[in-house]
Amino acid sequence: MGVKKKRHDPSVQNGHAKMYHQTNGSVNDTFVDPMAVTWTEKYSSRIEKVWSKIPKFVGTFLVTTAICCMGLGISGDWLLILVHVIKQYRGHVADNLNVTDVDGLLESLKLKGFGYFWLGASTISYTIYYGIGGFLHWYFYVRQRDRPEEWKCQPTKFLSPELERHEIMFGSLSLLLNSTTTAMVACYVSNGGYSTIYYDPFEYPIWWFFLQFAVIFLYQDYATYWLHRIYHIPFLYKHFHKLHHKYKQPTAFSVTAIHPVESTHIQLTLILPIFLIPIHWAPFYIVALYTYYHGIIDHSGINFKAHWWQPWQPDAIFHDNHHQYFHVNFAFNIYFWDILHGTYRRKDRVYTEDIYYGRGKELTKASAKELKADIEERKSENPKAYRDNKLVYDLSNEDLQEQNVATMITKKKKKKHY
Ligand SMILES: [Zn+2]
Ligand SMILES: [Zn+2]
């Protein structure tokens, strides 16, 4: 990789990310603005040397694996998977755990051996969150920081160091909570606690085994669409969900940076089917993995596109838009929900953090100030994040004239002068 003498200036947003220079692969004294995850930047040139020796396809493979592993790790779900696999072959796992009598209370709650589950879930979740999250940060945000127009959804804007620290802090807090909840459920189920999970695929008709993939996926995605939308009503938004929207340019670390109340709410919603309908553990966790994988992709701020075999799946820019424009595009893995309920982003609407309920404001009703800010916002998007490399939402002069907006802006401006 050729080393550029002067790196791209990512200073527009928040005014913190100032320009820094790099010569011959090493960061010199003018390095003024380290991001929160400074170690990757400090050792960037050293890591780069090693990386450049790895064949490209190996690199791509590593990045893909990294994203998958992070998906697995972020909520400790690997533990639930493990419990189910072991349980299927060996009966209850908790029987094999060495637990003292102090756990009498836990035992009565069917939480015998909870400490082991909790420790395991937390340790591995954190290792993966920081290890893989750090790696992704380096791979895109450090290594390719000088050419954000090639990969970043909002190439001229970066999170400020304060916000990066904030998202990692809250992401970690939420992770602890998620690991605890997951460990509790895993432990409870493994101790024979109530659930409608089954282990033999032939216990119910085999068609039900396959149908479950669709049922679980549709249920979870539709339920979380509404849950997310409900968290966007002014009261809940201001008190809980706003925290997640501090990140107007989300990164992989944002994915778990969610208020603990909301985070628990999401987990309970996702897990509900395993207490209600016969669910085989395999479809449940395959769907969960898919969801986590896309949670990371959608928050990465990178121009990932959905594959041909996922016609329901929006590209990463869809949720990036949600962070950039706030009350719009509430769905996660099936964008159809937004089309169905009229909350899919429209070109002829203006969206800001103060315009609630997902429908935006008609261009003609927006103030000149709102319009100006909106047009600038649209221009800051990366065409490469969209299909055909086109800025789908860019407003041309013809578009504005069609809406009689151009004349309106001039009128409003004139009015101001008087
Ligand atoms: Zn939101
Ligand atoms: Zn988000």
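A nonpolar core is a set of buried Ala, Val, Leu, Ile, Met, Phe, Trp, Tyr and Cys residues joined through C-beta atoms within 7 Å, where buried denotes a residue with 20 or more other C-beta atoms within 10 Å of its own, the C-beta atoms being placed from the backbone. This is a predicted model, in which local features need pLDDT of at least 70 and side-chain atom pairs count only at pLDDT 80 or more, while totals for chains, interfaces and linings use all residues. Residues are numbered from 1 along each chain as its sequence is written.

The largest nonpolar core has 41 residues, and those with the most contacts inside it are F140, F284, A316 and A331. At least two residues of this core come from each of α6 (114–142), α7 (161–190), α8 (206–230), α11 (281–299) and α12 (316–325), helices being DSSP runs of H or I, at least four residues long, numbered from the N terminus. The most is given by α11, with seven residues. Apart from this core lies another, of ten residues, among them L111, F117, A121 and V185.

The helix α8 also packs against α10 (residues 260–271), at an angle of about 155° and with the axes 9 Å apart, the axes being lines fitted to C-alpha atoms over the stretch in contact and the angles running from 0 to 180 degrees between N-to-C directions. That makes α8 roughly antiparallel to α10, a term for angles over 145 degrees. In this contact (C-beta atoms, placed from the backbone, within 7 Å), Q220, A223, T224 and L227 of α8 meet H265, I266, T269 and L270 of α10.

How values were computed: Chains lettered and ligands numbered in written order. Buried ≥ 20, exposed ≤ 12 C-beta atoms within 10 Å, placed from the backbone. Parallel < 35°, antiparallel > 145°, perpendicular 65-115°, else oblique. Contact = placed C-beta atoms within 7 Å.
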